[in-house]
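Reader: I have the model open and want to go through some of its local details. Can you take my questions as they come?

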Amino acid sequence: MPEPAVLIAGWARSPIAPRGGAFRALAPHPIAAPVLTALLARAGVADSAIDAVVMGNALGAGGNPARLVALAAGLPDRCAAMSVDSQCCAGLDAVAVAAGLIASGQAEVVVAGGVEAWSRSPIRIQRPVDGSADFSAASLAYERPAFAPDPARDPDLLQAAARYALRHGITRAEQDAYAVASHARALASRAWLATEIVALAGLAHDAYPRAIDPARAARMPAAVKPIDNGPDDEVLRQGSPDCSLSPLSISAQADGAALVLLASPAACQRLELNPRLAWVASASVGGDPAEPMLSAEAATRVALARAGMVTASELAAIELHDAFAVQGLSFCRGLGLEPERINRHGGGIARGHPIGASGAVALVRVLADLSFEAKPGARGLAAVAGAGGIGAAALVGCR
């Protein structure tokens, strides 16, 4: 087989902390810079070797968080920096962009991933339409931007997940069971996960996973009930099963960062690195904005095809950032997988959702698991879906 064009020389991530938790006072760069510094130290790579930093970020409201991270980590002023905002897909898309820089010869060593400081996200206010300078009277605060120009195709994300659950008969009980299992796996794997985590602000493990009594979970009030003015209304009138979303089945708002170190084969030889993992293929796709969570499956199918693979069952490790339990169940149904095949050490449901970093966290998880496989040819997948009907997926493999 030909030498891969892009090798993976290291990976690391911060713990994931719920919004308002351990990282509540930290902007994006104080979260990601210590992870970058630790990543280079673990890999034995000097700051001066880094050509660029590519970072995904969704809630920073502009600027160039990647540049702040690079400078805060002490990288040389000459180091290029690029920020990517494709919302939930940003962290994984950033790594794909970095791989493209190396494969095209524009860089040799790149740090890439994502960071989110949801706790410090700016308050967003639209300027008055009439151009008035009186913001107090005419401005409008908003929580999220539009993800599609047609409001009919830009649903509330939680409501879209609940409607999907209703249409496909994915009950609350099934969703809650999936979530309880995710938390249990995350708790049981705390020692395993410690190898990829860089302690920060006194936190050395993901803060959100917890032991959950299924009976207590069943008594939780519904967070979202499916409401629709279309054909689902008839289903509701006919007494459909409870397909609501409980708080347990929704990935919590969170802060965190995850980074990988990519390099060309020539750079690895020069730096005396011998990476066992390599970039195989990736895909960034668009789908129906009204069904945003399905795009992770679509991206996975494209990435598999680009890698010459037929089914996801061939993979040694699979990580989906499951923003909703119903998404994880749908992803498994669509790809013919048992839920136990994905997120073997707990997923986004158990960790939380640091939006711009979530896809990169999933990739770090895959890399950590594959590194223990160490079987030549073994491959792993990271996938994520984003608002507006976009999806990203990446395949990595053992050399």
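Reader: Leaving aside neighbours within four places in sequence, which residues is Ser330 in contact with?

Author: Ser330 is in contact with Tyr164, Met293, Leu294 and Glu297, once its neighbours within four places in sequence are left aside. Contact here means heavy atoms within 4.5 Å. Before going on: this is a predicted model, where local features need pLDDT of at least 70, side-chain atom pairs count only at pLDDT 80 or more, and totals for chains, interfaces and linings use all residues. Residues are numbered from 1 along each chain as its sequence is written, and side-chain values use heavy atoms, with hydrogens and water left out.

Reader: Fine. Where is the place of Ser330, and is Ser330 buried or exposed?

Author: Ser330 has its place in helix α12. Helices (H or I, at least four residues) and strands (E, at least two) are DSSP runs, numbered from the N terminus. Ser330 is buried, with a relative accessible area of 4%. Buried means under 20% relative accessible area, exposed over 50%, and partly exposed in between, with a 1.4 Å probe and protein chains only.

Reader: At what angle do the axes of α6 and α12 cross?

Author: The axes of α6 (residues 172–188) and α12 (residues 325–335) cross at roughly 95° and come within 8 Å. That makes α6 roughly perpendicular to α12. Axes are lines fitted to C-alpha atoms, for helices over the stretch in contact, and angles run from 0 to 180 degrees between N-to-C directions. Angles under 35 degrees count as roughly parallel, over 145 as roughly antiparallel, 65 to 115 as roughly perpendicular and the rest as oblique.

Reader: Which residues in α6 and α12 meet?

Author: From α6 there are Glu174, Gln175 and Tyr178, and they meet Ala325, Val326, Gly328, Leu329 and Arg333 in α12. The residues of this contact divide into four nonpolar, two polar and two charged. In that count Ala, Val, Leu, Ile, Met, Phe, Trp, Tyr, Cys and Pro are nonpolar, Asp, Glu, Lys and Arg are charged, and the others, Gly among them, are polar.

Reader: Back to Tyr164. Which residues in α5 are buried?

Author: Tyr164 is one of them, along with Gln159, Ala160, Ala161, Ala162, Arg163, Ala165 and Leu166. Eight of the 11 residues of α5 (residues 157–167) are buried, so this helix is largely enclosed by the rest of the structure.

Reader: What caps the N-terminal end of α5, and what follows α5?

Author: Asp156 caps the N-terminal end, with a side-chain oxygen 3.1 Å from the backbone nitrogen of Leu158. After α5 comes Gly169, whose phi is positive, near 65°.

Reader: Now the core. Which residues touch the most other members of the largest nonpolar core?

Author: Leu262 and Leu363 do, in a core of 47 residues. Helix α14 (residues 355–373) gives the most to this core, with 11 residues. A nonpolar core is a set of buried Ala, Val, Leu, Ile, Met, Phe, Trp, Tyr and Cys residues joined through side-chain atoms within 4.5 Å. Apart from this core lies another, of 46 residues, among them Ala161, Ala162, Phe324 and Ala325.

Reader: Different topic. Where does Gln87 lie, and what is its phi?

Author: Gln87 lies in the loop between β4 (80–84) and α3 (90–103). Its phi is positive, about 55°, although Gln87 is not a glycine. Gln87 is buried, with a relative accessible area of 13%.

Reader: And Glu272, buried or exposed?

Author: Glu272 counts as exposed, at 75% relative accessibility. Glu272 is in the loop between α10 (265–270) and β9 (277–286), and its phi, near 60°, is a positive value in a residue other than glycine.

Reader: Last one. What does Gly389 touch, not counting residues up to four places away in sequence?

Author: Gly389 touches Val285, Gly286, Gly287, Asp288, Pro289, Pro292 and Ser295. Gly389 lies in the loop between β11 (379–386) and β12 (390–398) and counts as buried at 1% relative accessibility. Gly389 and Ala148 are 241 residues apart in sequence and 8.8 Å apart in space, C-alpha to C-alpha.

Notes. Polar contact = N/O pair within 3.5 Å; in protein donor to acceptor, adjacent residues only side chain to side chain.
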